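Biologist: Please take a close look at the aromatic pairs in this model. Where do the rings sit, and how are they placed against each other?

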Amino acid sequence: MIKQRLATQPSLYWLWEDNGPAALLRTSRLAGGISRIGAVYTPPAQRQRGYAGALVASAAGMLVAEGFDVFLFTDLANPTSNSLYQRIGFQRLEDFAYLKLLA
């Protein structure tokens with residue numbers, strides 16, 4: 001899956017380490033000067049220490065400095081990540097629903 005994704009969607013993986021993996025995210029540079037941050041993950045033992053927030057803020061700041069507009073999707077049911085992204089400076093624009101049609 002990773003080989004396929006890298007071949008079809010140029011991505012950069014960001015890893016924050018502190019005596020081992022502390023946070024991970026992926027950025028994709030899309031057409032039109034847009035970059036997406038996705039797949040933000042912090043191992044359970046490393047949560048609530050600010051690693052993911054610092055990593056998202058750093059990645060977003062670097063992308064903006066390169067001239068990209070940056071966006072991300074978040075799960076509305078996760079108040080922790082939603083408040084974190086707002087503190088960093090992201091603004092809520094739209095709500096989306098993913099539906100799977102069953103035949």
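Modeller: Searching the whole structure, which is a predicted model, gives four aromatic pairs. In one of them, the ring centres of Trp16 and Tyr51 are 6.1 Å apart; the planes meet at 55°, so this pair is classed as tilted, since edge-to-face requires an angle over 60 degrees. Trp16 belongs to strand β1 and Tyr51 to helix α2 (residues 51-65), so the contact ties together parts separated by 35 residues in sequence. The two partners can be set side by side for accessibility: Trp16 is partly exposed, at a relative accessible area of 31%, whereas Tyr51, at 11%, counts as buried because the limit for that class is under 20%.

Another pair is formed by Phe71 and Phe73, with centres 5.6 Å apart and planes at 85°, so it is edge-to-face. Phe71 has a relative accessible area of 28% and is partly exposed; Phe73, at 37%, is also counted as partly exposed. Through ring pairs, Phe71 and Phe73 form a cluster with Phe96.

Strand β1 covers residues 11-17 and runs antiparallel to strand β2 (residues 21-30), the two being joined by seven bridges. Glu17 faces Pro21 of β2. Three residues separate the strands in this hairpin, where Asn19 has a positive phi near 55°. Leu15, also in β1, is partly exposed at 48% relative accessible area. Together with Tyr13, Leu24 and Tyr41, Leu15 makes up a nonpolar surface patch with about 370 Å² of accessible area in total.

Conventions. Residues are numbered from 1 along each chain as its sequence is written. This is a predicted model: local features need pLDDT of at least 70, side-chain atom pairs count only at pLDDT 80 or more; totals for chains, interfaces and linings use all residues. Side-chain values use heavy atoms; hydrogens and water are left out. Patches are made of residues with over 30% relative accessible area and no salt bridge: like charges are joined within 9 Å, nonpolar side chains (Val, Leu, Ile, Met, Phe, Trp, Tyr) within 5 Å. Accessible areas come from the Shrake-Rupley method with a 1.4 Å probe; for residues, only the protein chains shown count as cover. A salt bridge is a side-chain nitrogen of Lys or Arg within 4 Å of a carboxyl oxygen of Asp or Glu. Helices (H or I, at least four residues) and strands (E, at least two) are DSSP runs, numbered from the N terminus. Buried means under 20% relative accessible area, exposed over 50%, partly exposed in between (1.4 Å probe, protein chains only). Two strands pair if DSSP finds at least two bridges between them. Rings of Phe, Tyr and Trp (its six-membered ring) pair if their centres lie within 6.5 Å; planes under 30 degrees apart count as stacked, over 60 as edge-to-face and the rest as tilted.
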